[in-house]
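Dear colleague,

I am passing on the structure we spoke about, and below it I have set down what was found, grouped by region. Please read it with the structure open beside you.

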Amino acid sequence: MNRFVRPSKYRHVFGTAAKKDVCYDNIRVSLNAWDSNMIQVNPLFCSVNWQSSGGGAFAVIPLSSTGKLPENYPLYRGHTAPVLDTDFNPFNDYVIASGAEDSKVMIWNIPETYDEDLEEITPVAKLSGHQRKVGHVMFHPTASNVLASASTDLTIKLWDIEKGQERQEITGHTEIIQSMAWNYNGSLLATTCRDKRLRIFDVRANKVVQEGAGHQGVKGSRVVWLGEADRLATTGFSKMSDRQINLWDAGDLSKPIKSEFLDTASGVIMPFYDKDNSILYLASKGESTIRYYEYENDELFFLADYRDAEVQKGMTFMPKRALTINECEVARAYKLTTQLVEPISFKVPRKSDAFQADIFPPTVGDEPALTADEWFGGKDANPKTIDLSAGYKPKEKQEFKVTQQPETKGDSSGTSTPKNEKDYQEAYHELRKENDELKNALSQRDVKIRVLEIELQKLKNDAAEQAKLNSIKEESPAVSSPVTPVEEKKEEKKVEEEFKPVAASEEEPEAEQSKSEDAKEEEEQAEEKKEEGKEEKQEKEKEEKEEKEEKEEKKDE
């Protein structure tokens with residue numbers, strides 16, 4: 001980021017904190033550690049995540065009610081666990097959405113004034129569908145009554161709040177979603193995730209159109225679109241826990257266009273972009289500094305920083321249409337501290353009180369460009385803009401009604417709604433117990449799923465190995481598949497048992513027949529030898545007799 005002096009009409013923008021009597025005091029900020037902005041604002045109201053017992057709650061404070069708030073300030077109760085995030089409807093200032101740890105999204109009507117005996121406000125719609133806590137809620141920038149909610153069940157759901165229906169579920173995250181941001185016309189949604197990936201979704205198609213490696217630190221990361229430009233800015237931490245800001249081309253998230261080192265502090269940075277003036281504001285949690293830069297030609301030029309004594313727990317910015325135009329106020333932040341909401345006005349020093357058209361171009365108004373059905377049907381449109389030269393006046397209250405309510409107000413079990421602190425505590429403990437049981441059941445199911453996945457992978461590997469062996473056997477038929485010695489012995493024994501009786505029955509007659517023939521031959525040979533022996537003996541006796549006669553004749557002579 002360049003810090004050299006350059007010509008810019010925003011070079012001397014300065015911030016001024018409001019006096020304490022026009023701040024909002026006696027705030028009880030939620031102590032929940034979830035990473036959200038904790039505060040939201042619109043031209044009429046400011047909402048703060050409230051610390052309360054007996055379930056979750058938040059407060060909606062009229063901007064006209066400055067000073068110290070009463071102790072028994074009316075709270076928006078309905079959640080059974082701490083509220084994590086809220087967001088005002090951009091096209092109806094009297095409607096607000098909330099998400100909480102009880103996995104519910106609720107829609108509320110804001111009364112114009114609070115009655116003296118009013119203690120709490122109940123929701124007009126309860127949207128159920130998430131399985132775990134809802135950490136972020138955000139209305140669509142151009143379509144009416146379209147809300148996005150992000151949960152730790154790793155999904156983002158799109159709701160038509162007027163009909164009380166879930167219209168789309170976005171999947172693809174592998175870890176908890178840390179932040180999300182719509183582009184200028186609401187056709188794409190960018191998210192940062194604990195898996196250190198930056199993604200851009202075509203939400204109506206549930207498709208990841210771009211994905212890349214984000215900040216590699218373990219702490220929270222945030223994303224914001226830079227107006228109509230096809231650019232993104234993300235804040236986060238490096239592997240060495242250095243804070244950094246990256247600029248990205250939305251068409252290619254393989255690597256950032258720019259990656260700049262900020263400092264080595266530990267607070268999560270909350271980015272806010274003013275598209276009318278091309279100024280990027282960076283506010284850090286746990287610090288008292290707001291830095292702001294001018295974006296131009298893929299560069300961020302440092303303008304100045306605002307410093308205060310009180311550290312901020314959260315922050316938000318007022319929509320441009322509600323600023324004090326005749327004082328050249330280009331931005332107004334609402335800083336949340338431990339007990340105070342403090343407005344901070346950023347102004348361009350100009351001597352003239354006339355309307356400054358160069359720093360106040362047409363800005364986003366409070367009229368939707370599309371209906372929910374048109375947008376879900378595939379249409380896109382840029383936000384409708386208004387001219388600030390004639391000033392801005394908020395619309396009259398339009399009572400929000402849900403045409404199709406998916407849930408009834410009462411508890412399905414027939415129990416009555418808690419009416420006092422004791423009832424809330426009892427209901428809280430019961431629901432907390434039920435929540436713990438559901439968490440245990442869910443964890444057991446997750447373990448079972450993992451075991452089944454391992455077994456399935458093992459079966460796939462075995463099938464692949466068998467297919468490989470079969471292919472080898474087909475190529476080489478002479479080569480038999482390997483058989484273990486135990487299996488070979490079993491097979492031989494089986495074959496012997498099957499074929500031994502048959503073989504014995506077939507060979508027995510042949511053996512007996514051959515045996516009788518051999519015996520006959522031997523007897524015949526023995527008789528022949530006996531007769532030959534007799535003949536030889538007779539011839540020998542005859543020869544001996546003749547020799548004896550010859551000897552006697554010679555003796556007589």
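Asn-92 counts as buried at 10% relative accessibility, where buried means under 20% relative accessible area, exposed means over 50% and partly exposed lies in between, with a 1.4 Å probe and protein chains only. Asn-92 lies in the loop between β8 (83-88) and β9, and, with its neighbours within four places in sequence left aside, Asn-92 is in contact with Gln-398 and Phe-400, contact being heavy atoms within 4.5 Å. The strand names used here, like those of helices, refer to DSSP runs numbered from the N terminus, with helices being H or I of at least four residues and strands being E of at least two.

Please bear in mind that this is a predicted model, in which local features need pLDDT of at least 70 and side-chain atom pairs count only at pLDDT 80 or more, while totals for chains, interfaces and linings use all residues. Residues are numbered from 1 along each chain as its sequence is written, and side-chain values use heavy atoms, with hydrogens and water left out.

Two residues other than glycine with positive phi sit in loops. Ser-103 is in the loop between β9 (95-100) and β10 (105-109), where its phi is near 70°, and Ser-103 is buried with a relative accessible area of 12%. Cys-328, which is not a glycine either, has a positive phi of about 60°; Cys-328 lies in the loop between β29 (314-317) and β30 (329-336) and is buried at a relative accessible area of 2%.

In the model, the span 76-110 is 0% helix and 54% strand, and its end C-alpha atoms lie 9 Å apart.

Strand β13 (residues 134-139) runs antiparallel to β14 and is joined to it by 5 bridges, with His-136 having Ala-150 as its bridge partner; two strands are taken to pair if DSSP finds at least two bridges between them. The hairpin of β13 and β14 has 6 residues between the strands, and Asn-145 in the turn has a positive phi of about 60°. Strand β15 (residues 156-160) is likewise antiparallel to β14 and joined to it by 5 bridges, among them the pairing of Ser-149 with Lys-157, and in the hairpin of β14 and β15, with 4 residues between the strands, Leu-154 takes a positive phi near 75°.

Further along, an open sheet of 4 strands has the order β21-β22-β23-β24, with antiparallel pairing. The edges are β21 (222-225) and β24, each with a single partner strand, so one side of each is left without a neighbour in the sheet. Strand β23 (residues 243-249) is joined to β24 by 5 bridges, and Arg-243 has Asp-263 as its bridge partner. Ser-266 lies in the loop between β24 (258-263) and β25 (269-274); Ser-266 is 24 residues from Asp-242 in sequence and 8.1 Å from it in space, C-alpha to C-alpha, and, leaving aside neighbours within four places in sequence, Ser-266 is in contact with Lys-219 and Phe-237.

Finally, the nonpolar cores, each a set of buried Ala, Val, Leu, Ile, Met, Phe, Trp, Tyr and Cys residues joined through side-chain atoms within 4.5 Å. The largest has 61 residues, of which Ile-27, Val-60, Tyr-281, Val-341 and Phe-346 touch the most other members. Beyond its neighbours within four places in sequence, Val-341 is in contact with several residues, including Cys-23, Ile-27, Cys-46 and Tyr-334. Another core, of 18 residues, lies apart from this one and includes Val-146, Ala-150, Trp-182 and Trp-375.

With kind regards
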